[in-house]
Amino acid sequence: MATLSIKSLGKVYPGGVTAVSDVNVDIADGEFIVLVGPSGCGKSTILRMIAGLEGITSGDLQIDDRRVNDLEPGERDIAMVFQNYALYPHMSVRGNMEYGLKNEGLPKAQIAERIAEAARTLRLEEFLDRKPANLSGGQRQRVAMGRAIVRDPKVFLFDEPLSNLDAKLRTQLRAELKALHKRLGATFVYVTHDQVEAMSLADRIIIMSNGKVEQIGTPMDLYLRPASRFVADFIGSPSMNVLDGTVSSDRRSLQLNGSHQIDFGTELPTAAGNQIAIGIRPEHLHQNTAGETRIELSVGFIEQLGADTVVHGTIAGSQSPLAVRLNGVQARDSGDSIALSCGRDQIHLFDGTTGQRLNWDNQ
Amino acid sequence: MVENRPFLTFLTHAVLIIGVLFLCFPVWMALVASTHGPEALSSSPIPLWFGDRAWENYSQLLVGGLPEAGGVPIGSMMFNSLIMALVITFGKIAISIISAYAIVYFQFPFRMGFFWMIFITLMLPVEVRILPTFDVVVKMGMLNTYAGLTVPLIASATATFLFRQFFLTIPDELVEAARIDRAGPLRFFWDILLPLSRTNIAALFIILFIYGWNQYLWPLLITTDESLYTVVMGIQRMVNSGESLPVWHYIMGTAVLAMIPPVIVVVAMQKLFVKGLVESEK
């Protein structure tokens, strides 16, 4: 149990490649933080810097107000779960779990007690004497978690722990992880590239791109008020429709690149002639004309997902791609046209050049 | 390639059986010859079945000592060979695994330079550097000692290279997990690297033991004292025993005895080797 404080953390590799720059975040005791972003965005580097596996170029890292920049990984009181499990192949499950404790010099009785408890929590009792080679992927990952739990660390670190598992197992272990976090009440830092994992697990998400933090916030913050075009695009599946255009002279409509025009019925918070982008989530477009903003979709192809149907196409009369999520099973042919509308409060605006969110009084 | 025709099955088996007979015949002959008297092998036809002097020949060889071989019993030569082979094997494995560990897991100046220096010595087998090495051994006063027999043969670029390649296949995460588990460099080496290298060590043990056991030229140079003769030298001396007729029954008996330890090592280590192969995952 601990707080984790990251102050203007930076990492420059020898050779001059900047992997991470100026990351600031305070993580509360017991918080579940998910670092998410595309590959190469620096999320794993941050995790490895917290673990002590990667040197810190600049900034401060504090666990419980103690600066740990220069401590060895074993001295930081953290535990880490790796993507490929990193179990010691020649040791039994029990051996894997007790290795760290033995090195710490814990009394035998206490080690046995902790292992018994962790094995019960993770339902690993019957596998304790097996070798990792004789376990399935899900069981191996549970052993890796067990190895972390028995150490009773201040901070748990997870580096894409579910990425090597199949989809069904991933969902199951995700639920187990969430339950585990609740039971332990410990601070979790979790890295993933999967936004669904991030949304379902996190108390707060740190979303990164190119070594910089794009936004820090609760999953709903990120979904409802994405701070930038990158965040808007990354969170949500299918991802948000983002359309580039020019603000018209009366500032009440947007001239899309092409000839189409979208009317808002209110003034946009930016000067006429500016390049901006609007974002509308596929699930916020409805098959009626009740919303203030109307768009006509020319159907390209559809994805039947059962519970709902994703229709991909273009805005009628333009080349701008658009996707919409409709409820239930819907049959549409290519070339059909669907009249859609969207509430003004569900339209996001982004600066055309910086990609930053523009706030307006639409809500 | 995989065809299932009776004729081909017959043919492949015939070829294999002929090959086995061809390889085993000399060994069989040595075994048979070592149980006869000296005349049996100089006369025609050469016997193909065991004679009645097995006990006599072998007891004479092991403890009696032969004038043809310098009067030293084969038993003591076997002991010398065993010491030499074991010291070379353990020494080579120990030194090469430690140097490979240093080269793979530690950052130090001229790391690759050291690696290449070790690697380049692969190009210099014992025979090439035998004079300078001999000179060094003489100056260090190691003639006619076990140290002189073994130490110069211990350094091994091949084994270092083999361990290095193996260490490079061990995932980095394993090292990192060990660091988080508070295992220092020595602990990591002892608890994780060494057990994982078990199969490599077994394979190397077989190769290096036979290498050490079969050494001929080096012990020939270093030893003049008959109590330090190795069994391979003993055989050679018996064959070239001057004017007198070679004592073939003794020579064959010595050859048979000299075969036993390498066979034991191969059989014993092969079990571990196969077990390691079966157990390994990924």
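In chain A of this predicted model, strand 15 (residues 293-304) and strand 18 (residues 337-342) run antiparallel and are joined by 6 bridges; two strands are taken to pair if DSSP finds at least two bridges between them. Helices (H or I, at least four residues) and strands (E, at least two) are DSSP runs, numbered from the N terminus. Within this pairing, A:I338 of strand 18 is the bridge partner of A:L297. Strand 15 of chain A is also joined to strand 16 (residues 308-315) of chain A, again in antiparallel orientation, by 7 bridges. A:Q304 stands opposite A:T309 of strand 16. The hairpin formed by strands 15 and 16 of chain A has 3 residues between the strands, and A:G306 in this hairpin adopts a positive phi near 95 degrees.

Residues are numbered from 1 along each chain as its sequence is written, while chains are lettered from A and ligands numbered from 1 in the order in which they are written. Because the model is predicted, local features need pLDDT of at least 70 and side-chain atom pairs count only at pLDDT 80 or more, whereas totals for chains, interfaces and linings use all residues.

Chain A contains 8 helices and 20 strands, and its C-alpha trace spans about 75 × 45 × 35 Å along the principal axes. Of its 363 residues, 40% are buried, a residue being buried if 20 or more other C-beta atoms lie within 10 Å of its own, exposed if 12 or fewer, and partly exposed in between, with C-beta atoms placed from the backbone.

Helix 3 (residues 108-121) of chain A comprises 14 residues and reaches 20 Å from its first C-alpha to its last, close to the 20 Å expected at 1.5 Å a residue; the expected span is 1.5 Å times one less than the number of residues. A:I115, A:A118 and A:A119 are buried in this helix. These residues cover an arc of only 100 degrees around the axis, which puts them on the same side of helix 3 of chain A; the arc is that of the directions from the helix axis to the C-beta atoms. On the other side of the helix, A:A109, A:Q110 and A:R120 are exposed. The buried residues of helix 3 pack against helix 2 (93-104) and helix 4 (137-149) of chain A, contact requiring C-beta atoms, placed from the backbone, within 7 Å. A:R123, which follows helix 3 of chain A, has a positive phi near 55 degrees.

Key. Contact = placed C-beta atoms within 7 Å.
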